[in-house]
Amino acid sequence: MRPLHRTKGFVILIFCTVLGLLMTTYGPNSIRFLEGLIPMDVCPLPYGRKLWDGTDGFLDLWARTDVQTCTYWGAPIIWEGMFDPSVFDQLHKEKSTRVALTVFAVGRYLDAYLLPFLMSAEQYFMVGLPVTYYVFTDYPEKIPSLKLGQGRTLEVIQVARENRWQDVSMMRMKTITDAIDGHIHHQCEYVFCFDVDQIFTGRFGSEALGDSVALLHSFYYHRPKMFYTYDHNPKSEAYMDKGDFYYHAAVFGGRWQKVRNLTEACYQGIMKDKENEVEALWHDESHLNKYLFLHKPTKVLSPEYCWSMFIGHRNDIRVHRLLWAQKQYNALRN
Ligand SMILES: CC(=O)N[C@H]1[C@@H](OP(=O)(O)OP(=O)(O)OC[C@H]2O[C@@H](n3ccc(=O)[nH]c3=O)[C@H](O)[C@@H]2O)O[C@H](CO)[C@H](O)[C@@H]1O
Ligand SMILES: [Mn+2]
């Protein structure tokens, strides 16, 4: 019998050759198409089993058999078809759940992205629940005025403008920690933290609430783990040689206590890296991935919750809830 590692090597060789040929003929789209054919792992719970947690007990993990609906540690992965929106909304209304949303619009990102982000959040984000937007900016006077729905408020908090865009992105971890300590913990049970360069296009509702919530990065959910872009520099605090998923830093959330633990730990890691004169490959996202490997999220959102149209059509993405906006790095970044 052929040894297993030789068979595996042979399969990888064939796979790489086919990829190479397709790449040279059709370009990167062919990779994304092929990647979509790689099956995800399978939820290891016995068929028909429900989750024990109160509200998540209403999820139907078996409504979707084409994708992974729970992690090996028993956290649900939320996909369209697994939940009845009205059940979750009702449960959270009964509990008087309040949600904070944090978003940063610093420098040129304000004019480019903030208004469509907020207007679309009004239409789709946690509709029916009290929501407080915390908008962090270096230019409070420029925050557009917006008529908000009932029970929804907006607070503007001034932040210093960092010189490098990498620092704007990374220092969010510190600012969010401070905002939770100063404001959010009095006002909300849950907090969700968003990049501003995106737009809501479908329900992003109470089914997404959980103790510690992470998002599967749309580019990686079918990709073999060996291609995940974790930080591979042992000198960085974000270093990891293996992980569970590749999570996207554009959306994370949970109960404020859990989010505070995450943002504080990521900030400490970032500062330690600065002392050691290293920077993680994908900045705050690398530290977030490290933290979420060590402290497993209790709920995972499918890439429906932050999709990139750049990837093209995928059968398993049945709804677009939040879409990446057009990137304009050259025009917007420092
Ligand atoms: C696909 C991709 O490339 N993803 C990486 C990239 O995300 P992104 O390219 O999505 O990062 P980004 O440019 O959106 O920056 C993150 C967020 O910081 C805020 N912001 C940033 C800069 C600025 O001048 N003003 C401002 O307000 C804003 O809310 C923005 O959405 O970079 C991030 C931060 O390093 C992470 O590493 C991501 O993995
Ligand atoms: Mn972004």
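1. His283 lies in the loop that joins α6 to α7. In this predicted model, His283 has a positive phi of about 55° although it is not a glycine. Most residues other than glycine have a negative phi. His283 counts as buried because it has 24 C-beta neighbours inside 10 Å, and the cut-off for that class is 20 or more.

2. Ser96 sits in the loop between α3 (85-94) and β2. Is Ser96 buried or exposed? Ser96 is exposed, because 9 other C-beta atoms lie within 10 Å and the exposed class takes in residues with 12 or fewer.

3. Helix α7 comprises residues 284-294, and Glu285 is found in it. The unreviewed UniProt entry lists Glu285 under "active site"; such annotations may be inferred rather than shown by experiment. In the model, Glu285 is buried, with 24 other C-beta atoms within 10 Å.

4. The helix that carries Glu285 is mostly covered, as 9 of the 11 residues of α7 are buried. The buried residues are Asp284, Glu285, Ser286, His287, Leu288, Asn289, Lys290, Tyr291 and Leu292. What do the buried residues of α7 pack against? Their partners are α5, β7, β8 and α6.

5. Helices α5 (residues 165-187) and α6 pack at an angle of about 145°, and their axes are 8 Å apart. The crossing of α5 past α6 is left-handed. On the α5 side, the contact is made by Met170, Met173, Lys174, Ile176, Thr177, Ile180, Ile184 and His185. On the α6 side, it is made by Trp256, Val259, Arg260, Thr263, Glu264, Cys266, Tyr267 and Ile270. By class, the contact has 10 nonpolar, 3 polar and 3 charged residues.

6. Arg260 is one of the α6 residues in this contact. It is a buried residue, with 20 other C-beta atoms within 10 Å. Leaving aside neighbours within four places in sequence, Arg260 is in contact with Thr177 and Ile180, both of which belong to the α5 side of the contact. Arg260 and Lys174 are 86 residues apart in sequence, while their C-alpha atoms are 9.5 Å apart in space.

7. Strands of a sheet pair through backbone hydrogen bonds, either parallel or antiparallel.

8. Strand β3 (residues 131-137) pairs in the parallel sense with β4 over 7 bridges, and Val131 stands opposite Arg152 in β4. Strand β2 (residues 99-104) likewise pairs with β3 in the parallel sense, over 6 bridges; here Val99 stands opposite Val131.

9. Why is β3 described as largely enclosed by the rest of the structure? The reason is that 7 of the 7 residues of β3 are buried. Both faces of the strand are covered: Val131, Tyr133, Val135 and Thr137 are on one side, and Thr132, Tyr134 and Phe136 are on the other.

10. The UniProt annotation "binding site", again from an unreviewed entry, covers Asp195 and Asp197. Asp195 is placed in the loop between β5 and β6 (198-200), and Asp197 lies in the loop between β5 and β6 as well. Asp195 counts as buried because 20 C-beta neighbours fall inside 10 Å. Asp197 is buried, with 20 other C-beta atoms within 10 Å. Not counting residues up to four places away in sequence, Asp197 touches Tyr109, Tyr113, Trp324, Ala325 and Lys327.

11. For "transmembrane region", the unreviewed UniProt entry lists residues 9-27. In the model, this span is 95% helix and 0% strand, and its end C-alpha atoms lie 25 Å apart.

How values were computed: Residues are numbered from 1 along each chain as its sequence is written. Chains are lettered from A and ligands numbered from 1 in the order in which they are written. This is a predicted model: local features need pLDDT of at least 70, side-chain atom pairs count only at pLDDT 80 or more; totals for chains, interfaces and linings use all residues. Helices (H or I, at least four residues) and strands (E, at least two) are DSSP runs, numbered from the N terminus. Two strands pair if DSSP finds at least two bridges between them. Two residues are in contact if their C-beta atoms, placed from the backbone, lie within 7 Å. Axes are lines fitted to C-alpha atoms, for helices over the stretch in contact, and angles run from 0 to 180 degrees between N-to-C directions. A crossing is left-handed if the near helix is turned anticlockwise from the far one by less than a right angle, and right-handed if clockwise. Ala, Val, Leu, Ile, Met, Phe, Trp, Tyr, Cys and Pro count as nonpolar, Asp, Glu, Lys and Arg as charged, and the others, Gly among them, as polar.
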